[in-house]
Amino acid sequence: MLLLGCIKEVSDYELAISLPNGLSGFVPVTQISDAYSKLLTQQVAQGELLEELNSLPDMFSPGTLVRCIVTSNEKSDGGSRSVKLSIDPKKVNKGLSSTALAAGMLLSGSVLSVEDHGYLIDIGVAGTHAFLPHQKAKNYIKALKKGPDLKIGQNLNCLIVEVKNEGRVVCLSVDRSEVAASIATEQQNWTLSNLLPGLVVKARVKKVAEHGMKLTFLSYFTGIVDFMHMDPEKSMSYSPDQVVRACVLSVHPTSRAVRLTLRPPFLHAGGTPRQLPGQRMGAVLEEATVKAFYKQFGAIFGLDDGTLAFARLKHLSKTRKSFKPGAFKEGCKHKCRIIDYSLMDEMCIVSLKHQIIEARFLQYQDIHTGDVVQGKVLSLKPIGMQVKVANGIRGLVPSLHLSDVILKQPEKKYNIGDEVKCRVLECNPGGKKLILTLKRSLIQSKLPVLSSYEDAKPGLITHGFVVCAREFGCIVKFYNDVKGLVPKNELASEPISCPDKVFYEGQVLKVMVLKCEPQQERLLLSFRLSSKPGPEDKWKCTPKEKQEVKYQIGEIVDVKILKKKDNGLEVSILEGENNVVAWIPTLHLSDFVATSKLLWHCLQEGDVLPRVMYLSDKGEHIILSRKSAVISAVQEEQVVRSFSEIQPGMLLTGYVRNVMPFGVFVEFPFGVTGLAPKVSMSDKFVTDTKDHFVVGQTVIAKVMSIDEEKQRVLLNLKVSECSSGDSAAESFALLNQYFKELNEISDLLRRGEPSICELVPGKKVHLVVQDVREDGSALFTCSSVTGSTITATRYHLGDKTIAPGEKRKAFVLHVDALTSEVYVSLREELLKQRP
C-alpha cells in the first residue's frame with residue numbers, strides 16, 4: 001500500500017513516520033535507497049566510517065512529507081501493530097515505466113551520486129537516467145540548511161522538467177516554488193497502476209455523507225475523503241459538483257481505493273503540516289467539548305485552544321461494556337489527556353481512560369533522572385535487561401546494574417514478566433534512551449541525586465558506583481554519566497596498597513565531593529566521609545592527674561570496676577598505691593561479642609576482674625583487654641611487635657577495628673593493623689560485609705602480602721585459610737572457653753535472689769500459666785525465678801489446651817540472660833527424653 005507520511009522523529013537507525021488517521025510506522029535505515037544501503041554494507045565490511053555516508057539526522061528533518069510503501073504489518077504479543085515502511089524509490093515508484101514519464105510529473109527520488117554539474121537521482125524507473133542540475137537544487141539546499149550539497153540517500157520531491165529519448169533521460173527540479181506550484185493533470189497520463197500519494201489534483205465533489213465524501217479527479221478517478229481530512233473551516237459547506245483542490249493520501253494496491261485530503265497544508269506539494277507545541281503533549285484537559293461522534297470510529301473534541309482532537313472508540317471508556325454513547329452528544333464535556341499528535345491529520349489524539357489520565361509517565365520526556373519507577377521484565381540479554389516502564393517506554397538495565405553484586409546467571413534471579421523496581425540513571429528523550437539500575441543501595445538511597453557537575457558542591461555526600469579500580473585510585477560514576485576520581489590517599493582512613501583487590505566494578509559506596517570544575521567536567525572525591533574518631537576513642541576517662549606508672553604491652557593485672565559506662569568499664573588497676581585508672585571497652589571483655597554484652601550487663605561497680613591484659617596506652621588513656629585468645633597469643637609470643645617482623649603466611653590473632661563496605665580492618669597487639677578485602681573475608685560469597693563481621697570480634701588472620709614502602713598489610717580471614725592444622729582441637733578450645741565464660745556469667749547472675757540462670761536448656765520445670773495470647777502462644781511464671789518472661793510458642797504447646805492459673809510441666813529450650821527471656825516447650829516428645 002502506498003501512503004503519504006510525515007517524518008515524526010529521526011534517529012540513527014530509523015525514521016518514525018506519522019501516517020493518516022492517527023496511525024504510525026517506521027522506516028528502517030536499510031529501506032532508504034539502494035545507494036545508501038550499499039554504503040552501509042561497505043562500512044560494515046571495512047569496519048571504519050565512510051566520509052560519504054551521512055547519518056539519518058544529517059539528511060532528514062521532522063515535519064517533512066515523504067512517500068512510503070508498506071513492507072510489513074506485524075502484530076506484537078501485546079496486540080499492538082508494528083508497521084514497517086520503505087521510502088526506496090524502486091519500491092515506491094515500481095508502477096512507473098520510462099515510457100509513462102511526462103513533463104510536470106511529481107515523484108520521489110533519492111540522490112545516487114554527486115557529479116560535477118549536478119546530481120544523478122534514483123527515481124526507481126528501470127532504463128531511465130535522471131539528472132538534477134546544480135541550478136535546480138540551489139534554492140532547495142539553501143532552505144534545507146543541511147550543508148552545501150545534497151547527500152547520497154537523501155530523499156527528494158522531484159518535478160520532471162524535461163523528458164528525452166523516450167524516457168531514457170529525464171531532467172529534474174527540486175526547487176520549492178516549482179514543486180509547490182505543480183498539479184497533476186490528465187495530460188500526464190496517470191493510471192491506477194502508477195498513481196502516487198502526494199499528488200495535488202483538482203477534484204469535483206460527487207457525494208457528501210456523514211463520515212466524509214466522494215470525489216472524482218483526473219477525469220475517471222474516484223477518491224474518498226474521510227471526516228478527519230475535510231477542511232475544518234469548510235466541513236459543513238461542501239456540496240455536490242463543487243470543485244476543490246485535493247491531495248492524494250493513499251492508494252490501495254488491490255482494491256485501487258484512493259483516499260484524499262482537503263486539509264490546507266497538503267494542497268501545495270511539499271507542504272509542511274502544523275506541529276503541536278511540545279508543552280501540550282501529555283497535558284490533562286479538564287473540559288474538552290464533543291464536536292462530533294462517529295459510532296464506528298470515535299469522537300472529535302474541541303480543545304481549550306480552539307484546536308481539534310480525536311479519541312478512538314477504545315479510548316472513550318475503560319471497556320466496551322462500560323461505554324455509553326449518550327455521553328458523547330454534541331456539546332458534552334469530558335476530562336481527557338493528550339497522548340499523541342497526528343501530523344498527517346493535524347490533530348491531537350486524546351484518551352478519556354482514567355488510568356491514562358492518572359498515569360505517571362506517557363513519554364520519555366515525563367521521566368527524570370533519579371526517578372524510582374516500576375517496570376516489567378521484557379527480555380534478558382548479554383548487555384543487560386530490557387524493562388517496560390509504560391506503553392511505548394522501554395529502558396535498559398546494564399548487566400553491571402542487575403544487582404548490588406555482579407550476577408553471572410541473571411536468569412536465575414529474574415524471569416520474563418517479573419515486576420521490578422528501578423531507578424533512572426540516565427534519560428535522553430530525544431534518542432529514546434533510558435538507562436536504569438536495580439542496585440538496591442541506589443534505589444533506597446535517601447542522599448541527593450548527583451546528575452550534573454554543577455550540582456557537585458564541595459562537602460556533598462552521595463551514593464555512587466565504582467566503574468574502575470586501579471593503582472591510582474577509583475573512578476566513581478553517578479547519574480547522567482557524571483563521574484569523578486577518588487585518589488589513592490582518599491580511599492580509606494587506613495592505607496590501601498592494591499585498590500583493585502579491595503574495590504570491585506559496580507560496588508555502591510558513599511562518597512564526598514572534595515572539589516569540582518564543571519567546565520572541565522572534573523570531579524575530585526573521597527571515601528573518607530569525615531574525621532570522626534573510632535569506637536575506642538569515644539569514651540573519655542580523665543584521671544585526676546597525669547599517670548606516671550608505665551606498663552608493658554602484655555602485662556597481666558587485676559582491676560576493680562569504678563564505673564559502668566555505655567561502651568565500657570572504667571577500672572582501677574589493683575597494684576601499688578597509685579590507683580591507676582584504665583579503661584576496658586565492652587567489646588574487649590570477651591572474645592565473643594554476645595558474651596561481652598552479657599558480662600557488661602552482669603558486672604557491677606566494685607567487682608574485681610582478675611587477669612586483664614595491658615593492651616595500649618593512647619596518650620592519657622590506658623586500654624585493657626580481657627580477650628583470652630589475644631592474651632594467649634601475646635603470652636605465647638605468637639605476635640609481631642613491629643611491621644618489620646610481619647611475613648606472608650603468618651597466622652595472627654587480632655580483633656576487628658572497623659567494618660567497611662570494601663573489607664575489614666583488623667588490629668593486632670602492639671598496634672599493627674591490616675586490611676582483609678571483601679574477596680578474602682569469607683569462604684561464602686560476601687554481599688554485605690556487615691553480615692559477616694562486627695567491630696570488636698576476635699579473629700585469626702593470615703598475612704597475604706605486605707608493602708614495606710607504604711607500611712600496608714593485606715589479610716585473609718577465610719576459615720579454610722586460617723587454620724594452624726588441628727582445626728578440631730582449635731574448635732574445642734574455643735567452645736570450652738565459651739562455656740567457661742557462660743559459667744562465670746551464671747555465677748554473677750546468681751548473686752542475691754534466685755536468677756534466670758537456674759533455668760538451663762534441657763531442664764524440666766514446673767510453671768504456672770499466666771496468659772494465652774491471640775497468636776496461640778502462652779506466658780508462664782516460675783516460683784523459683786522472678787523478673788523473667790517465660791514463653792511457649794503455639795507449636796510448643798502441642799495439642800494441649802491450657803488456661804490461665806493451670807500448673808504445667810515444661811522443658812527449657814533457650815535462655816537469653818541479656819533480655820531475661822526464657823523459651824520452653826510442653827510437647828510430650830521432649831518431656832519424655834530424659835527421666
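Reply: Two strands are taken to pair if DSSP finds at least two bridges between them; strands (E, at least two residues) and helices (H or I, at least four) are DSSP runs numbered from the N terminus. The model is predicted, so local features need pLDDT of at least 70 and side-chain atom pairs count only at pLDDT 80 or more, while totals for chains, interfaces and linings use all residues. Residues are numbered from 1 along each chain as its sequence is written, and side-chain values use heavy atoms, with hydrogens and water left out.

Strand 14 is mostly covered, with 7 of its 9 residues buried (buried is under 20% relative accessible area, exposed over 50%, partly exposed in between, with a 1.4 Å probe and protein chains only). Strand 1 (residues 2-10) runs antiparallel to strand 14 and is joined to it by 2 bridges; here Leu 2 has Val 251 as its bridge partner. Strand 11 (residues 200-209), also antiparallel to strand 14, is joined to it by 5 bridges, and Val 201 is partnered with Ala 246. With strand 15 (residues 258-261), strand 14 pairs in the antiparallel sense over 4 bridges; in this pairing Cys 247 stands opposite Thr 261. Strands 14 and 15 form a hairpin with 6 residues between them, and Arg 256 in that turn has a positive phi of about 60 degrees.

Rings of Phe, Tyr and Trp (its six-membered ring) pair if their centres lie within 6.5 Å; planes under 30 degrees apart count as stacked, over 60 as edge-to-face and the rest as tilted. By this rule there are 13 aromatic pairs. The ring centres of Phe 227 and Tyr 294 are 3.9 Å apart and their planes meet at 25 degrees, so this pair is stacked. Phe 227 is buried at 11% relative accessibility, and Tyr 294 is buried at 9%. Together with Phe 297 and Phe 310, Phe 227 and Tyr 294 form one aromatic cluster.

For context, the UniProt annotation "domain: S1 motif", from an unreviewed entry, covers residues 198-263 among other spans; UniProt positions follow the numbering used here, feature names are shortened, and annotations may be inferred rather than shown by experiment. Another of the annotated spans is 104-175, whose end C-alpha atoms lie 13 Å apart and which is 15% helix and 47% strand. Residues 649-718 also carry the annotation; their end C-alpha atoms lie 13 Å apart, with 0% helix and 50% strand.

Strand 41 (residues 764-772) and strand 42 (residues 778-782) pair in the antiparallel sense over 4 bridges, and Val 769 has Phe 780 in strand 42 as its bridge partner.
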